[in-house]
Every structure is written in C-alpha cells, then in structure tokens.
Amino acid sequence: MPVPSVSRRAFGALSALSAVAACAPASWAQAPGAAAGRITIAVGGQAVLYHLPLTIADRLGFFQAEGLDVAVRDFAGGAMALRAVHDGVAQVCSGAYEHTLRQQSRGQDYRAFVLQGRAPQQALGVSVRALPRYRGPADLRGRRIGVSALGSSTEVMATVLLARAGVDAREVSFVGVGTGASALAALRSGHIHALCHADPIMALLEHRGEVRLVSDLRTLNAAQEVFGGAMPASCLYAPQAFLQKEPLVAQALANAIVHALKWLQTAAPADLVKAVPASFLLGDRSVYLAAFSRVRETFSPNGLMPEDGPATALRALSQAYPDMAGARASLQRTYTNDLARKARQKFGV
C-alpha cells in the first residue's frame, strides 16, 4: 500500500538527528528525548478510542514529563503506520499487537513493549440502507466491507469474524475508508455495504440506527468469548533494533503510556472531553462518552501483556490467514514486559 514518501528535506532532517544522537555526550543520558532527538510515533487513526492512551499521554504532557520530544503522525490505518516505521519515517508505532506476529512471519523483528488495550474494541456492522434484508454472514458474500486501511487491524478482525461464520475473506471486497468523517461518508453514500471499525465511529452509526451490528468485540467478555482468551490489541511496538539502541527512550515511552493508563482508570467524563481534541467527538459528545464508558474496561490497567495474549492472537490469525497456521512463531520475541513492569512500579499501578 502506498504511503507518503519522505521528502529530501525530511530525509536530511532525520539523517541529521541520527548524527546528533550518535555523537551525543554521555551527560544527555538523563534526558532520553534529547539524546534521541524528536521521536516520531506513527498511528493509524488516532481519533478512535483504540488509541486513546496515546492521545492522553500526548495531550496531557506525559511524554514531555519523561524528557521526550514526541511527534505523533497520524495515518489512515495501522498498516500505513507500520509502513512508516519500516521506511524510517517514524521510530515507533501505536497499533495492533498482531502486526508483530505477521511481521515476524515475514522475517521482520518487531516487538511490543507496552500494551494499551486488551480487547480489539471493534465491531462489524451492516448498513441498514444497503442491506435492509440482511439475514446472516452469508449475505456479505460479494459485498464491499469498509476497513480503516487494507492490512490494518480492522481488516484482520473482519477477516477473523467472517472466517468464524464460514465466510472466506476472498468472497468479499475490503475497502479502505480511513477513519472519522471519511468512514461515515463511505457507509452513508453506499460505497460500502458493511463496516468494521472502532468507536466512536461504530457507536455513532449504531446510535443513529444506520448499522445493524453483526459482531461486537468492544467488551472484555465479548473478546473472551470469541477468542477463548485474552486478546491483546493496541500497543506501542518498534523494531527490536530500536529497543536495543534506545533503551532509555523506550522506557520513557512506556512510562508515559502507563501514566496515561492510570489516568484513564479514574478520569471523569469532563476530564476526558477537555483532554481530547473536539474533532475526535464527531459532533456528539454524549455518544463519545457512552462509547468510552463501554470500552473503558478494555484498556490495560498497567501496560503488561497478558500471559496468554500472544498465543491467543496467533490462534486468531491462524483462523483467518492460512499462511499463519503453520508458522513457527517465536512469541517471546514479539513482546517484552520488562519496560511496563518498571513503569508500573514508578506509578504504583
């Protein structure tokens, strides 16, 4: 999937930052953000609740409090955010844990180092206008299903859900529709017949009677029922080479996310509305807050990967992607809890 290329000026800036970091004096060790220059985090659809801990850490200054200079760069979907890291446009990705598994099967070594969500927080809904006589998953054969971007977690979850219902992903057409207003417009215009996405998008469509939910993975119980175990979702992950080269930066990033997770455990609705950009509310504050209330339990309380999480995610991928079924995955190489444990001690969570 094409992503914005790095301009000559941007490439020069990144090269300069790398040179500065390489020559940085030892006294910078107390300020990891300064030592590494600006850290860019790529994210696919920051406005959805799936990435809320990242937004909180950024908006409330938790990254800055850890001595980091962080820039969050938003893309239309998780696959595009991953591509940005692969191409060197960003150093870290805020995205679905299953990307680390799929990249490992392709010979790429990525590792999650702090967990944000412990359920997919997504739902698959059928357009009431486009499919008024919908009776079951078989009716989706030959139809267009909207996802944030091809290859992103929304497509992965839609594929998993369809496979469980006996529908092969090759029998439908996935269409990248982005997030926010573009996703809403795609469904309302009839460009797609169904949509697999996160809140507040799905919550708004459901509230207005525009979709009929087919599958719902927005609660812990629902995820447990579908996947048979803890299903890790949003996390910060990065190439293993980055984690080895910048351990102080990685720890500071984990600290900031765990700080945000702690804040979310007790945040009042008014606090949340003040913290997020107004555009994230999609014009309906009450629906946004209701959606947050529903998914709140799915945010990790401490940033730690559940013990059974990686194996659960691999099983889910194997159901949807035949090439993953026989993969000899080294699950221990796709995540680490070391940084989250230290952050947990720091913030008492």
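**Confidence, a helix and the cysteines**

Modeller: This is a predicted model, and confidence is read before geometry. Over residues 1-31 the pLDDT stays under 50, and the model has 24 contacts beyond four places in sequence for that stretch.

Biologist: What are the mean pLDDT of the chain and the share of residues that reach 70 or more?

Modeller: The chain has a mean pLDDT of 89, and 89% of its residues reach 70 or more.

Biologist: Which residues of helix H8 are buried, and how does one read such a pattern?

Modeller: An α-helix has 3.6 residues a turn, so residues three or four places apart point the same way. In H8, which spans residues 181-188, the buried residues are Ala183, Leu184, Ala186 and Leu187. Viewed down the axis of H8, these buried residues fall within an arc of 160° and therefore line one face of the helix.

Biologist: What covers the buried residues of H8?

Modeller: The cover includes strands S5 (122-127), S8 (194-198) and S9 (211-217), together with helix H9 (201-207). Just after H8, Gly190 adopts a positive phi of about 85°.

Biologist: How many disulfides are there?

Modeller: A disulfide requires two cysteine sulfur atoms within 2.5 Å. By this rule the count is 0.

Biologist: Are Cys235 and Cys196 buried or exposed?

Modeller: Cys235 counts as buried, at 0% relative accessibility. Cys196 is buried, with a relative accessible area of 0%.

Methods. Residues numbered from 1 in each chain as written. Predicted model: local features only at pLDDT ≥ 70, side-chain atom pairs only at ≥ 80, totals over all residues. Heavy atoms only, no water. Buried < 20%, exposed > 50% of the residue type's maximum accessible area, 1.4 Å probe, protein only. Helix = DSSP H or I, 4+ residues; strand = E, 2+ residues; numbered from the N terminus. Arc of directions from axis to C-beta. Contact = heavy atoms within 4.5 Å. pLDDT = per-residue confidence, 0-100.
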